[in-house]
Amino acid sequence: MRQPLNPEITNPDSVSSSFSPASATNRREPARPIPSLANNSELEEKKMKKRVDLETTETDSSIKTTTTTKKKKKLMEEEEFSEEKTRDKKKKRKVVEIEPRGGEEEQGSESSSELVEPPVSVERSKKSKKAKKENDGVEEEAKGEDPNAVTRFRISEPLREKMKSKGIENLFPIQAGTFDDILDGSDLVGRARTGQGKTLAFVLPILESLTNGPAKASRKTGHGRPPSVLVLLPTRELAIQVFDDFKLYGGVMGLTSLCLYGGASYNTQEYNLRRGVDIVVGTPGRIKDHIERGNIDFSVLKFRVLDEADEMLRMGFVEDVEFILGKVEDVSKVQTLLFSATLPDWVKHIASRFLKPSKKTIDLVGNEKVKASTNVRHIVLPCLTSAIPQVIPDIIRCYSSGGRTIVFTEKKESANELAGLLPGARALHGDIQQSQREVTLSGFRSGKFMTLVATNVAARGLDINDVQLIIQCEPPRDVEAYIHRSGRTGRAGNTGIAVMLYDPRRSNVSKIERESGVKFEHVSAPQPVDIAKAVGTEAAESITQVADSVIPAFKSAAEDLLNTSGLSPVDLLAKALAKASGYTEIKSRSLLTSMDNHVTLLFESGRPIFAPSFVFNVLRSFLPENKVESIKGLTITADGKGAVFDVEREDLDTFLIGQENAANVSLEVLKTLPPLQQRDQSRGRFGNAGCGQGGFNDWNGGGSRFRFSGGRGSRGGRGGRFSDRRNDRFGGGGRGRGRSNGKKW
């Protein structure tokens, strides 16, 4: 007999009732039943066969039904299982949020542990990333903050807010480097390039010391109090500027300041001293006067400051400064600060004599070669003195970029004359009354006029915003003067341009270049194309600003002009721009002397040239004497193989045709100026037509006309002999002392 079929297989309900998640993974597919054979009779065997066949058919059908049902049930169970896992996950997440570490230690089934751990890992990862991001942000913020930020120093909130209102959020290197030493009570020598903020380097720590630092306890207050601070400066303008800083920043700290300088009323100054003051700023001469009058008491002095000490030496204040410093009885109670751009021997002597042996030195220049401002483009431009009035306006047009310009001259008379020639310019020098000088500086600062012509009175310390261009009419007497003049631009991190005019025949710019550490850019005077481009841009901007309402009134005239002129619209507009800019005539300008309507020629003869007389003798061999005398600025090239000079444009053909009759002589019109010999490079002293010191309108004494004739002295001065005889002897003309009645710029 066959064994009966398993009811679990044939009954779907039993499948559903006996199914559980635990047994699902162990459930096996049912095997097909194997029929048994009867041993009695064949008939029963046949009947049994039929029954088995019938049962087998039913079983196959049952198996199919059971398999389908099983798949459906399995899918339903899997969905229930998925929902159960989701509930467990949510439950576990809540536990993790409350107790992150405890959640990791939860006990559970293998499957639930597998489900819970990933959320914990994700949460920890998110928190780790967030913490890392915050830490990175702090590090980035620390890295991004300037190490010289005001917030890093012991500066009180009122002072910090006042600095912020002036746009100061970071200290300059000299300020940051000296702040702590000064505030902690050390004597100090500070040195930095001009324009790097030396004034605030002592103003800020002094104010903090008086109000919140070591000097606060012993500082006198009340009516009639003697000063706690004395600051000495070489010029009135610089004294006023430093006083303004003390007044501005000291005012928010409750401190009063007073400025003492010559040219102002003694009575007013004496009255203010008797009322009591915390800070006195002034020039040595006037301070000395008040000491001798008994108006200043140094008994409670806490600070004495020498600013621009090297300039005091140059201006002859040595005795006055030593007299004033010597009036302090107990130097152990006084802190002495000395600031300067350069450190000549006298400044070092003052430092060793009046500063404590424990003094600190902050030197941001040191032995570096570059002593001038590195934010300035330094340009040298060859120019005869007689061409200065024509050249300077064009330099301003091409290089000022619309900013302020300061022109430096050597003489007061030259400043007056040049200021009268430049549109809108004002002069500033020592002969002008102090009240007028203050009005002039105020107008220049406020932009009422954009060009200031000054002597060295403005070369030191004056901090005027947006001075884009400095022009020096000739090289100064010493390198320090060049450093301070050029330092009036490119201040406080800005950039600027310094142009120095020079006569290559008698000036030595290489010495200034060598000692100041700058690299001069050699250029020629602005040419017509450069000038037209500059003024054309300005004119175009002014035209675009004209109101559209005027177009109908001029449109008819414009149409008539366009129809009748025969010019294109572009050509007509170019003429209109030229007219609007006032540049209606293009004049050629030489490269060498910057003279209008002159051209520069290069002379070569196939042999080295050791003296200008050789060139003149060769020229006389094929040119008329009057043409030879008319040339200007003859200078030997740096390689000694040629010479350059200027001729009037109308004489150019005469020179070029004449050279065809001379053997081995070449004359070439130059487009760019080659390197030239300077005064110290020549092998002797030779007279050159322009050695007389003429002014704008008087250049006859050794000026535009001169004479070279063998050993004969020129009309400009005493005759002389050239020490090198390899070319020729020639009369030197000396320095133009003979009939020269001009003056130096």
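Which strands does helix H18 lie across? Helix H18 (residues 434-446) lies across S9, S10, S11 and S12, and runs at about 140° to S9. This is a predicted model, in which local features need pLDDT of at least 70, side-chain atom pairs count only at pLDDT 80 or more, and totals for chains, interfaces and linings use all residues. Residues are numbered from 1 along each chain as its sequence is written, and side-chain values use heavy atoms, with hydrogens and water left out. Helices (H or I, at least four residues) and strands (E, at least two) are DSSP runs, numbered from the N terminus.

**Sheet with S8 to S14**

- Seven strands form an open sheet in the order S10-S11-S9-S12-S13-S8-S14, with parallel pairing; two strands pair if DSSP finds at least two bridges between them.
- Strand S10 (426-428) and strand S14 (521-522) are at the edges with a single partner strand each, so one side of each has no neighbour in the sheet.
- Three bridges pair S10 with strand S11 (residues 451-454) in the parallel sense, and Leu428 has Ala454 as its bridge partner in S11.
- Helix H16 (residues 388-399) also packs on this sheet, and the strands it touches include strand S8 (376-382) and strand S12 (467-472).
- The direction of H16 makes about 160° with that of S12; angles run from 0 to 180 degrees between N-to-C directions, and axes are lines fitted to C-alpha atoms, for helices over the stretch in contact.

**Sheet with S1 to S7**

- Another open sheet of seven strands has the order S3-S4-S2-S5-S6-S1-S7, again with parallel pairing.
- Its edges are strand S3 (257-260) and strand S7 (360-363), each with a single partner strand, so one side of each is left without a neighbour in the sheet.
- From one strand to the next, the twist averages 15°.
- Strand S2 (residues 229-232) and strand S4 (residues 279-282) run parallel and are joined by four bridges; Leu232 has Gly282 as its bridge partner in S4.
- Helix H11 (residues 266-275) packs on the sheet and touches S3 and S4, its direction making about 150° with that of S3.

**Helices H21 and H23**

- Helix H21 (residues 528-544) packs against helix H23 (residues 569-581) at an angle of about 95°, with the axes 9 Å apart.
- That makes H21 roughly perpendicular to H23, a term for angles of 65 to 115 degrees.
- The contact (heavy atoms within 4.5 Å) involves Val535, Gly536, Ala539, Ala540 and Ile543 of H21 and Leu577, Ala580 and Ser581 of H23.

**Second largest pocket**

- A pocket is an open set of points on a 1 Å grid over the protein atoms alone, where a 1.4 Å probe fits, with protein on both sides within 12 Å along at least five of seven lines; lining residues have an atom within 4 Å of a point.
- The second largest pocket is lined by 16 residues, and Phe554, Ala558, Leu561, Leu573 and Ala576 lie nearest its centre.
- Helix H22 (551-564) and H23 each supply at least two lining residues, and the largest share, seven residues, comes from H22.

Technical notes: Angles under 35 degrees count as roughly parallel, over 145 as roughly antiparallel, 65 to 115 as roughly perpendicular and the rest as oblique.
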